[in-house]
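Dear colleague,

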Amino acid sequence: MTPMIHILNGPNLNLLGRRQPEIYGRETLDDVAAACAAIGAEAGLETRLLQSNWEGQIVDWIHEARESAAGIIINPAALTHTSVAVLDALNTFEGPVIEVHISQVHKREAFRHHSYVSHRADAVMAGFGVHGYVLAMRHMAHLLG
Ligand code: CA2
C-alpha cells in the first residue's frame, strides 16, 4: 500500500493567498495541496491536505493519522504557540512529524518564538514561504525512503 502523508493546517490558513500576501504570499492552500501531491507522486507517497479553524478537529485528525498515515506535516498556525493539546496528540503519533511555518516566525513578535509543537517535531521549516511544504515533503520522502 502507498504510504500516506497527512498535511494538517490550523486556524485561518483557509485564507492563504487571499489576505496578507506580504507575509504569507499569493499561493492558496489548493496550490499547496497540488504541489505536495506532485512531490508525493514522484516519491511514491499519497498526500491528504486538511485545514481546520478548530483545535479539537486538528487533534482528531492527528488521532486518525495514527491509523492511516506514515508521516505528518503540520502547520498548526496560531495553535503552534498555545496548544498543549496538539502537542499531546502528536506525542501519540509514531511516524515522522515535520512542522512548517510559512513566515520566519523568529523574526516576528516574541509570542511567535515559542512552539509547543517543536517539542515533538523531527524537523522544523520557517520562512521558506509555501515552498516550505514542498521541502518538507521532500524531507519526508527521504525519511521514509
Ligand atoms: O508562518 C506561519 O505559517 C504561521 O504558522 C502562520 C500563523 C501564525 O499564527 C504563526 O505564528 C505562523 C497564522 C496563519 C494565518 O494564516 C493566514 C493566511 C493568510 C491570510 C491571513 C491569515
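Helices (H or I, at least four residues) and strands (E, at least two) are taken here as DSSP runs, numbered from the N terminus. This is a predicted model, in which local features need pLDDT of at least 70 and side-chain atom pairs count only at pLDDT 80 or more, while totals for chains, interfaces and linings use all residues. Residues are numbered from 1 along each chain as its sequence is written, and side-chain values use heavy atoms, with hydrogens and water left out.

In the unreviewed UniProt entry, the annotation "active site" covers Tyr24 and His101; such annotations may be inferred rather than shown by experiment. Although they are spread over 78 residues of sequence, the two cluster in space, the largest C-alpha distance being 9.6 Å.

Tyr24 lies in helix H1 (residues 21-24), and because its relative accessibility is 22%, it counts as partly exposed (between the limits for buried, under 20%, and exposed, over 50%, with a 1.4 Å probe and protein chains only). Not counting residues up to four places away in sequence, Tyr24 touches Leu16, Ile102, Ser103, Arg108 and Val130, where contact means heavy atoms within 4.5 Å.

His101 belongs to strand E4 (residues 97-101) and, at 6% relative accessibility, counts as buried. Leaving aside neighbours within four places in sequence, the residues in contact with His101 include Asn75, Pro76, Thr80 and Phe128.

With best regards
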